[in-house]
Amino acid sequence: MAGENKKVARYAELYKLVDKYKPQTICEIGTWKGMRARKMLRHASYFHKNPHYIGYDLFDDATEELNKKEWNGKGNYTIKVVDDYINQYNTNEKLNATWKLHKGNTNEILVDTVVDFAFIDGGHSIETIENDYSKLKDSKVIVFDDYYMPGQDNKVHVDINLWGANKLVDSINKTKYIIDVGDRIIKDGVHVANVCLAVIENDTKDIS
């Protein structure tokens with residue numbers, strides 16, 4: 001995300017969530033360069049011999065216009081580069097994992113998918129986050145990035161009617177909780193908000 005502090009402590013919390021829920025199947029919206037894919041597969045392999053990952057991103061289809069529309073500021077990688085990156089790690093670490101990467105805009109290509117663990121961290125517009133959740137809503141555990149908590153002046157200086165998961169998560173009547181580890185969004189030198197993880201639990205009794 002544009003303006004986000006480079007130190008991303010909440011991703012360490014993401015891997016702790018994988019340890020907590022022990023998923024065999026994982027879907028990530030916003031694969032980026034594949035770093036989180038590799039680490040989530042690593043943690044899932046502690047509990048399953050054949051963890052499986054499904055990843056969606058714009059990859060080669062990214063444009064400056066789409067990145068601006070979705071408030072994406074981390075850059076883009078080709079699907080081949082990311083696939084090779086995951087494959088190298090899988091081979092070196094002997095994870096015996098499988099994975100499938102999908103290239104394109106999730107508003108157009110994402111289909112109804114049920115997995116043990118879904119992580120939504122793609123486009124940052126409310127419309128895209130709502131679309132992604134609608135396709136993954138029956139998954140056992142759903143984790144949203146980009147849930148905003150107060151920053152400077154104890155206020156959220158982000159328009160949550162346009163950006164982030166707040167409006168959607170707050171409307172979901174299911175077991176949920178927020179993880180705020182103090183990751184800050186800095187814009188023009190101003191601490192505008194903390195960016196947090198929001199966790200939705202649908203059904204965790206069968207995850208072992």
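## A charge over a ring

A charge is said to sit over a ring if NZ of Lys or CZ of Arg is within 6 Å of the ring centre and within 35 degrees of the ring normal. In this predicted model, Arg38 meets that description, lying over the face of Tyr85 at 3.8 Å from the ring centre. A further case involves Arg10, whose charged end sits over the ring of Tyr11, 5.0 Å from the centre of that ring.

## Aromatic pairs

The model holds three aromatic pairs. In one of them, the ring centres of Trp32 and Tyr77 are 6.0 Å apart and the ring planes stand at 75 degrees, so this pair is edge-to-face, given that planes over 60 degrees apart count as such. The pair links distant parts of the chain, 45 residues apart, since Trp32 is in the loop between strand 1 and helix 2 (35–44), whereas Tyr77 is in the loop between helix 3 (64–69) and helix 4 (79–93). Trp32 is partly exposed, with a relative accessible area of 23%, and Tyr77 also counts as partly exposed, at 33% relative accessibility.

Another pair is formed by Tyr133 and Phe144, whose ring centres lie 5.6 Å apart with planes at 40 degrees, so the pair is described as tilted. Because Tyr133 lies in helix 6 and Phe144 in strand 5, the pair ties together parts that are eleven residues apart in sequence. Tyr133 is buried at 9% relative accessible area, and Phe144 is likewise buried, with a relative accessibility of 0%.

## Helix 6 and the strands around it

Helix 6 covers residues 126–136, and its buried residues are Ile126, Thr128, Ile129, Asn131, Asp132, Tyr133 and Leu136. These buried residues pack against strand 1 (25–29), helix 5 (106–109), strand 4 (117–120), strand 5 (141–150) and helix 7 (166–171).

Strand 4 pairs with strand 5 in the parallel sense over four bridges, and Ile120 stands opposite Phe144 of strand 5. Strand 4 is also joined to strand 1 by four bridges, again with the strands running parallel, and here the bridge partner of Glu28 is Phe119 in strand 4. Along strand 4, Phe117 and Phe119 point one way while Ala118 and Ile120 point the other way, and all of these residues are buried.

In soluble globular proteins, nonpolar side chains tend to be buried together. The largest nonpolar core of this model has 27 residues, of which Leu14, Leu17, Met40, Tyr53, Phe117 and Val143 touch the most other members. Two or more residues of this core come from each of helix 1 (10–21), helix 2, helix 4, strand 3 (98–103), strand 4, strand 5 and strand 8 (190–201), and helix 1 gives the most, with six residues.

Val143 shows how separate stretches of the chain come together: leaving aside neighbours within four places in sequence, Val143 is in contact with Leu14, Leu17, Phe117, Ala118, Phe119, Ile120, Leu197, Ala198 and Val199.

Definitions and conventions. Residues are numbered from 1 along each chain as its sequence is written. This is a predicted model: local features need pLDDT of at least 70, side-chain atom pairs count only at pLDDT 80 or more; totals for chains, interfaces and linings use all residues. Side-chain values use heavy atoms; hydrogens and water are left out. Buried means under 20% relative accessible area, exposed over 50%, partly exposed in between (1.4 Å probe, protein chains only). Contact means heavy atoms within 4.5 Å. Rings of Phe, Tyr and Trp (its six-membered ring) pair if their centres lie within 6.5 Å; planes under 30 degrees apart count as stacked, over 60 as edge-to-face and the rest as tilted. A nonpolar core is a set of buried Ala, Val, Leu, Ile, Met, Phe, Trp, Tyr and Cys residues joined through side-chain atoms within 4.5 Å. Two strands pair if DSSP finds at least two bridges between them.
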